[in-house]
Amino acid sequence: MLFKNTVAQSGSLLLGYLFSFLLAPIMISRLGLDKFGIWAVTGAVATYAGLLDLGIGRSLARFVAVFDAEGNEQKIRQCLGLGLLAVTTVGAGAAVAAALAAPLLSDQLGVLATDEMRIVALAAVGIWTLNGYEDVLSVIGIGKRQMVPPNVSSAISVSLNFAFSVAALAMSTSLVVYALANVAAGVVALVPAFFAMRYLWAAPYAALPSRALLKEVLAFSVKNQIGWIADLVNFQTDKIIIALVVDVRAAAVYEIASRVVMAVRSAAILTVSALIPTAAARIVAEGRQVIGEMYRRYMLRSCSISFPLFMLASVSAPFLLVAWLGRAPGDSELLVPFLTLAFMANITTGVGSTIAIGAGHPGMVSLNSVMVAALNIVFTLALAPFFGVWGVVGGTFLALLVGSLRFTERFLKLFGLPLRDFLAGVLPTGALAVGVALPFALLAILVGEPSGRLPATLLLAFTTGAYGLVYWIAASHLDYLPEKLRFPGLRRARSIGSPR
């Protein structure tokens, strides 16, 4: 069931990133780098609206899983009602704030007049709100560990967004038209999201939340929200700082590099994306003694899948960017490897974080995220005046590295697990991913930036295919990969005590 759910979530998310990659060069060609940067910064600012729901939306799937394990359908309905109320309230407040902030954004960023900026900002809030409704509807399937229907709906949603976006760019070079088209796509996408929820859940679908449920959810979600605030600092604030300190074109270049890295990070996170509701349900049913077994099992499997994704993105960055955009803008071909390595270190906390949240310890994850955010701000402020964009990147790298090590130490201590459980997952898979990548890194250095899309595409295809094949065979032979992902013919018997 966990493998099926992970595949379901992987499919819709990877489809979304595929469309994002296909759309980026069209946007840059039609809108220009300046407007592309405006859209990236405006979207990052709108994302901060998510702070106002006190973490409710991000926590509901865990509560649905717990109440489903307990057989309490009324509380599941109340969770759905609470989520819809939270999104509506936040969306209304954010719309007022966006309208009032438009003159300031227009003055600081330039490019758009105040009236145009107001429409774009309101559209960004509208997109966030509509996505929020879609996410709330999806918590039924996610919490009940039946993730195929909500992810089919998600695949339809990203397909609609892509179609509306391409149509808008074909008709106009106005960012306002593009923004409104995205809002329209979000409205239409609510239809499949509703039917996916209805397929799994009988009417009445939602109920007004009781005071007791609100108190229970908030006690958990506020702690979880602290971590989300820190994640915004680490993953969204950088482009805003760059836009204000350097210029919006530099922010656009950073956005291009970060899209590559965030796609890889999101694909890596998929290795544990279905684990929170699964862990919550298992801990309720079997007790905390299952935590050690889950950590050992999924740590090796998660690292064996995620590490090669990061290394492949790092060594193929010059080929990928040219094949994607026709050229590598600014320092993007160097930004990608540095950001990739930073998030490769951070992904080692993925299994521990999801298990901790599933076990009811969101504060542990949140406090670590706060520490990382604080370090990021300190390092960035110290380095940015001297190194510009690279100071921001360096601050992020150091903060994520220190925070990842600190979280692992606290997680192992809290659940009484030995350090060898962490090292057994990280060291062998990391050594294999890096070792296989070395000759391809040398190839990228010798070749440099390709002269056009065709040679870049051929080099990207060769690097991806050759690296993937060598790593796949080696990881299968060494028994690192899950059974269903192993190279055919290399599904050898497991040694006693090896994780499944």
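This is a predicted model: local features need pLDDT of at least 70, side-chain atom pairs count only at pLDDT 80 or more; totals for chains, interfaces and linings use all residues.
How do H4 and H5 run relative to each other, roughly parallel or roughly antiparallel?

**View 1. The whole chain, with its 19 helices and zero strands.** There are 500 residues here, and 55% of them count as buried. Take the contacts between residues at least 6 apart in sequence: 81% of these join residues at least 24 apart.

**View 2. Helix H4 alongside helix H5.** H4 covers residues 73–109 and H5 covers residues 114–143. Two packed helices are described by the angle between their axes and the distance between the axes. For this pair, the axes come within 8 Å and cross at roughly 165 degrees. Angles over 145 degrees count as roughly antiparallel, so H4 and H5 are roughly antiparallel to each other. The crossing of H4 past H5 is right-handed. Sort the residues of the contact of H4 with H5 and you get 23 nonpolar, seven polar and one charged.

**View 3. Ser153, a residue of helix H6.** H6 takes in residues 148–171, with Ser153 among them. Is Ser153 buried or exposed? Its relative accessibility is 4%, and buried means under 20%, so Ser153 counts as buried. Leaving out residues up to four places away in sequence, Ser153 touches Glu134, Pro192, Ala193 and Ala196.

Definitions and conventions: Residues are numbered from 1 along each chain as its sequence is written. Side-chain values use heavy atoms; hydrogens and water are left out. Helices (H or I, at least four residues) and strands (E, at least two) are DSSP runs, numbered from the N terminus. Buried means under 20% relative accessible area, exposed over 50%, partly exposed in between (1.4 Å probe, protein chains only). Contact means heavy atoms within 4.5 Å. Axes are lines fitted to C-alpha atoms, for helices over the stretch in contact, and angles run from 0 to 180 degrees between N-to-C directions. Angles under 35 degrees count as roughly parallel, over 145 as roughly antiparallel, 65 to 115 as roughly perpendicular and the rest as oblique. A crossing is left-handed if the near helix is turned anticlockwise from the far one by less than a right angle, and right-handed if clockwise. Ala, Val, Leu, Ile, Met, Phe, Trp, Tyr, Cys and Pro count as nonpolar, Asp, Glu, Lys and Arg as charged, and the others, Gly among them, as polar.
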